[in-house]
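Visitor: Could you walk me through this structure, one point at a time?

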Amino acid sequence: MQTMKPVLLILVLILSFNSIVLSQGNPIQLSLFNPIQIVPEGESVNGIRLNLIYTKNANVTGFDMGLVNQTTGSQLGVQWGGVNMTDGGFTGWQSGFVNISGGNFVGLQTSMVNYHTGHFNGLQFSVVNYAATIEGLQLGLINIIGSGGFLPVFPIFNFDFD
């Protein structure tokens, strides 16, 4: 009887987690290109978003991978792609050939070109990095901080920890 308690507890936790994920809606997005995608562009995805060419959604929480990924709201999690665009803020890791983001960013941005128009908090690692304002570190060939920073433009590294 003692071995049944952990099994029942695990079963209850799994069922609770599944009901939470399902209640948030849209746990998976599959897309060839927008508008040929399962979840319409005005809705959010909480889970996995995958595309072959291009996908666009309001908000994304979870794992996002494809050739061109666009989020018009905020994103939380991991975003991997050729071109990643997030308008309303990002928390997590954004990695691609080109990353374009706005709003507040907290985390890691890796690519050939990182371009962030809002406040960046974390690490940008790229050939060319740009952040409007930053609380963190830029590592790359060309590092640009719009306002504040060690210097407005500096090779190899730039930073602001204020």
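Guide: The questions below turn to the overall make-up and then to two residues.
This is a predicted model, in which local features need pLDDT of at least 70 and side-chain atom pairs count only at pLDDT 80 or more, while totals for chains, interfaces and linings use all residues. Residues are numbered from 1 along each chain as its sequence is written, and side-chain values use heavy atoms, with hydrogens and water left out.

Visitor: How many helices and strands does the protein chain have?
Guide: Helices (H or I, at least four residues) and strands (E, at least two) are DSSP runs, numbered from the N terminus. Along the sequence, the pattern reads α-β-β-β-β-β-β-β-β-β-β-β. The count for the protein chain is therefore one helix and eleven strands.

Visitor: Is Gln 70 buried or exposed?
Guide: Gln 70 lies in strand 5 (residues 60-71), and its relative accessible area is 14%. Buried means under 20% relative accessible area, exposed over 50% and partly exposed in between (1.4 Å probe, protein chains only). Because 14% falls under 20%, Gln 70 is buried.

Visitor: Which side chain is joined to that of Gln 70 by a polar contact of 2.6 Å?
Guide: Not counting residues up to four places away in sequence, Gln 70 touches (heavy atoms within 4.5 Å) several residues, including Arg 49, Lys 56 and Asp 87. A polar contact is a pair of N or O atoms within 3.5 Å, where within protein one must be able to donate a hydrogen and the other to accept it, and residues adjacent in sequence count only if both atoms are side-chain atoms. The side chain joined to Gln 70 at 2.6 Å is that of Tyr 54.

Visitor: Where is Met 112 found?
Guide: Met 112 is partly exposed, with a relative accessible area of 38%. Its place is the loop between strand 8 (104-110) and strand 9.
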